[in-house]
Amino acid sequence: MTWYVIDGMDGSGKSTAGSMVKGMLESQGRRVLDITHPTEHRLVGRISDRFLHMDQGKFWEMLAAVFYILDVVMSLFYVRRYGKAYDDVIFIRYSMAVAYVPTRLVPLTYRIIESVLPIPDVKILIDIDPGTASSRIDSRGESRELFETPQRLMKTRNKIMMIADSWNIVENTGSMEDLECQLSDILDKGMVV
C-alpha cells in the first residue's frame, strides 16, 4: 500500500488534486481510499469543522486543533485496521496544519509531529499565492473559516514554506491540465520523499 498526503493552505486546491490523484491511480486498476480532514462523517471531524467557523479567539482555534488532531489519529487507526483492503490511501490534509500555530513554534511542532505520527510515502504540497487562494475561497459561496482571511492566508503560506523542504511542491496557479501534469509526473517518477 502506498500512502499519499496532499496538503496545503486553504483554497490551494487540495481536494481537486486529491480527486486527480485518485482518478489516476484508479485508472491503473488500483483500489484507493481517500480521507479528507476534517472528516465530515466522523463526530470529531464535524466538531473541528464547527470550531473552524467560530471566530471567537485563540480558545476556539485551540479546540479546532485538538479535534483536528483527534480526527487525523482516528483516520490513522482506521487505515491500520482496514487499509489492507486498498492499494493506495490518500489523506487530504495532514501535518501541514502545524502552520496554524505561532510562527516561532512551527519548525519544532512539525519535527515533533513527524517523529510521533507516521510519515507518508508521498507528500504533495499544493502551493498557491494567497490572493488566488482567497478568490477561490470566496467563489465557493461558503462562510470563511478562522484561517481564511487574506492576511492569515499569507502568514499560513509563509509558515508552510518554512517546513516544506521534504515535500513534492506542486504550483497550482495554472490550468487544470497543468495541475494534472505536475501530479502525473510525481506519480510516474515515483518521487517518494
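A nonpolar core is a set of buried Ala, Val, Leu, Ile, Met, Phe, Trp, Tyr and Cys residues joined through side-chain atoms within 4.5 Å. Buried means under 20% relative accessible area, exposed means over 50%, and partly exposed lies in between (1.4 Å probe, protein chains only). The model is predicted: local features need pLDDT of at least 70, side-chain atom pairs count only at pLDDT 80 or more, and totals for chains, interfaces and linings use all residues. Residues are numbered from 1 along each chain as its sequence is written, and side-chain values use heavy atoms, with hydrogens and water left out.

**First selection: the largest core**

Select Trp3, Phe91, Tyr94 and Met96. Of the 26 residues in the largest nonpolar core, these four touch the most other members. The elements giving two or more residues to this core include β1, β3 and α3 (58-82); helices (H or I, at least four residues) and strands (E, at least two) are DSSP runs, numbered from the N terminus. Helix α3 supplies the largest share, four residues. Apart from this core lies another, of 18 residues, among them Met20, Ile90, Val122 and Leu187.

Which residues is Trp3 in contact with, leaving aside its neighbours within four places in sequence? Among them are Leu76, Val89, Phe91, Tyr94 and Pro118, where contact means heavy atoms within 4.5 Å.

Select residues 2-7, which form strand β1; five of its six residues are buried. Two strands pair if DSSP finds at least two bridges between them. Strand β1 runs parallel to β3 (residues 88-92), with five bridges joining them, and Thr2 stands opposite Asp88. Four bridges join β1 to β4 (residues 122-127), also in parallel; here Ile6 stands opposite Ile124.

**Third selection: salt bridges**

A salt bridge is a side-chain nitrogen of Lys or Arg within 4 Å of a carboxyl oxygen of Asp or Glu. By this rule the count is eight.

- Select Arg31 and Asp87: their closest N and O atoms are 2.9 Å apart. These residues lie in loops, 56 residues apart.
- Select Glu114 and Lys123: the closest N and O atoms are 3.1 Å apart. Glu114 is partly exposed, at 22% relative accessible area, whereas Lys123 is buried, at 3%.
- Select Asp127 and Arg157: their side chains meet at 2.9 Å, N to O. Asp127 lies in strand β4 and Arg157 in helix α6, so the pair ties together parts 30 residues apart in sequence.

Finally, select Lys22, Glu26 and Asp34, which salt bridges with shared partners join into one network.
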